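Reader: I have the complex open and want a quick tour. Can you walk me through it?

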Amino acid sequence: MDERLTIQDLRRYLDGELDPDAARLIERRLDGDEPARQFVEAERRLRDRVGRIMIDSAPAAPAALEQRIRTALAAESRDAAAPAAAPAVAGRIEPDLAAASAAAAAARPQRSVFEGPSRANIYAVAATLAIIAGAILFGIFGRSIDEQAAPPAVSDVVDSAEFVSAEHTRCATSDERQARKFQMTAQEQVAAEMAAYLGVAALPDIDLSALGYAFVGGGPCMVPHAIRSAHLMYRRDAAGENGLYPMISVFMVPDQGQFDANTPLSQAPGTWQSCDGAAMEHKVLCASDGQVAYFICCCLNEDLPRLAEALKEQIGRR
Amino acid sequence: MDRLEFEDLALPHLDAMFRMAMQLARHPDEAADLVQETYLKALRFAERYEEQGGGIRPWLFKILHNVFYTRLAQARRHAAPVENLAQAEADDPAPDEPGPAWNLASLDWEHVDDRLKAAIAELKPEYRSVLLLWGVEGLKYREIATIQEVPIGTIMSRLHRARSILMEQLADLAEEKGLRGG
């Protein structure tokens, strides 16, 4: 080591970065060098104050953050565990399955949405009755009904909404996740492709430009309690005060009668209902037109009513 | 490692993660988003984690830095300028100068926090990050270099520069109070 004590030497000594021999040499030099000794002492105090200041500036994470992370991790695990239904080819849905689904969907009666009092969906009611009858029969003969699509509880809608809120957050905060998930970026392409994928006759071409949001992309998703679902995202043209661009999510889930009569979707079809879950970071609204259940979510909660109004109009035009 | 095992291992470090995220992002909402993305990413790559002494915290810090700077680049904000190490070297006192001297006994260390806090807030994110990893987490230069994914010489330079800036603030404060020695 150089005979002269440098500031770097003294700092490395203080930080414990010197080997034992070099450290002992510094210590011997400090014994006879008062200014250097005072410098080391000042640096030691500076380190202590910096540490204290930085701890005091953020002593603990916000109380809700841990639960928010646990919810996101749980949804991530569930997402990762159920990739099978996603299409194998980027931007295209398996044509055979899509065609079969579309043919089946075309046989179902179409109805206009959000037109005031709803008409009974004969097929949905019949399916539900069949399921209930089957459940009773299997119960009589002691067979497990676990494999049947037992009428889900209200909590299943909330469960779906909690996933929607968490998935919205995950996608809104990760360009990488968006790029991976939204393999359809041309808006005119998405409605037709997603309709075929979901097995419905048609989906609305959702245009949110009047709200100041541009289409980002769309792709398959895995909302709980649905065999398949679709997720569309939109980004606001203008950044917020924090420099980030708020986003909107629209999730579409085929409504095949899996939401029972006591769920918000079935109680007032065509009317947006608020789904409140304990672990939801963003507010979620949901509604069904009998064919498709829509879950919507925004980074800015104040945009939610305008989004609901815009979608009501656009879905009604389908 | 399954999700529950990961949570047991990683969530106890949440406060430290949030503290670091605040130093980088300077806003609690953005810091919370950063931390969430960090944990999600860590879970995705949990099978790559290998205990190498020091626990999982340094690995999480590394992911957090990666997430922060990736977002920074994607948001198309002004990128942190490449350090002008030559300039930093030129600003250091000459090697044979022991540094400024003042009457330490009279400097009230309990009342320097406001000046130091303001000075820390003015530093670039990578300097604040280095100070936190050094001053709070007590990490060695090599560990900090691994987290920030830069050479150890860069860490030494950043830490040296940050400390010099802060010491200058204290020297100014001492001079204002007439405490500077001869």
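**A walk through the complex**

Author: Start with α2(A), which is hardly covered: of its 12 residues, the count of buried ones is 0. Keep in mind that this is a predicted model.

Reader: What about the rest of chain A? How many helices and strands?

Author: Chain A has 11 helices and 6 strands. Of its 318 residues, 39% count as buried. Take contacts in chain A between residues at least 6 apart in sequence: 63% of them join residues at least 24 apart.

Reader: And chain B, how many helices and strands there?

Author: Chain B has 9 helices and 0 strands. Along the sequence the pattern reads α-α-α-α-α-α-α-α-α. In chain B, 35% of the 182 residues count as buried. Contacts with a separation of 6 or more are 70% from residues 24 or more positions apart.

Reader: What scores does the predictor give the complex?

Author: An ipTM of 0.80 and a pTM of 0.50.

Reader: And what is the average pLDDT of chain B?

Author: Chain B averages 81, and 80% of the residues score at least 70. Over residues 78-103 of chain B, though, the pLDDT is below 50. That stretch still has 35 contacts in the model beyond near neighbours in sequence. Where pLDDT is low, the predicted coordinates should not be read in detail.

Reader: At what angle do α3(A) and α7(B) pack?

Author: About 105°, with the axes 9 Å apart. An angle of 65 to 115 degrees counts as roughly perpendicular, so α3(A) and α7(B) are roughly perpendicular to each other.

Reader: Which residues meet there?

Author: From α3(A), A:Arg47, A:Val50, A:Gly51 and A:Met54. From α7(B), B:Leu131, B:Leu132 and B:Gly135. This contact has 4 nonpolar, 2 polar and 1 charged residues.

Reader: Switching topic. Where is A:Thr6 found?

Author: A:Thr6 sits in the segment before α1 of chain A. A:Thr6 and A:Ala36 are 30 residues apart in sequence, yet 9.1 Å apart in space, C-alpha to C-alpha.

Reader: Why does A:Thr6 count as partly exposed?

Author: A:Thr6 has 19 other C-beta atoms within 10 Å. Buried needs 20 or more, and exposed means 12 or fewer, so A:Thr6 is partly exposed.

Reader: Last one. Which residues of α9(B) are buried?

Author: They are B:Ile155, B:Arg158, B:Leu159, B:Arg161, B:Ala162, B:Arg163, B:Leu166, B:Leu170 and B:Ala174. The helix, residues 152-176 of chain B, has 25 residues. From first C-alpha to last it reaches 36 Å, close to the 36 Å expected at 1.5 Å a residue.

Conventions
Residues numbered from 1 in each chain as written. Chains lettered and ligands numbered in written order. Predicted model: local features only at pLDDT ≥ 70, side-chain atom pairs only at ≥ 80, totals over all residues. pLDDT = per-residue confidence, 0-100. Contact = placed C-beta atoms within 7 Å. Axes fitted to C-alpha atoms, helices over the stretch in contact; angles between N-to-C directions. Helix = DSSP H or I, 4+ residues; strand = E, 2+ residues; numbered from the N terminus. Parallel < 35°, antiparallel > 145°, perpendicular 65-115°, else oblique. Nonpolar A, V, L, I, M, F, W, Y, C, P; charged D, E, K, R; others polar. Expected span 1.5 Å × (residues − 1).
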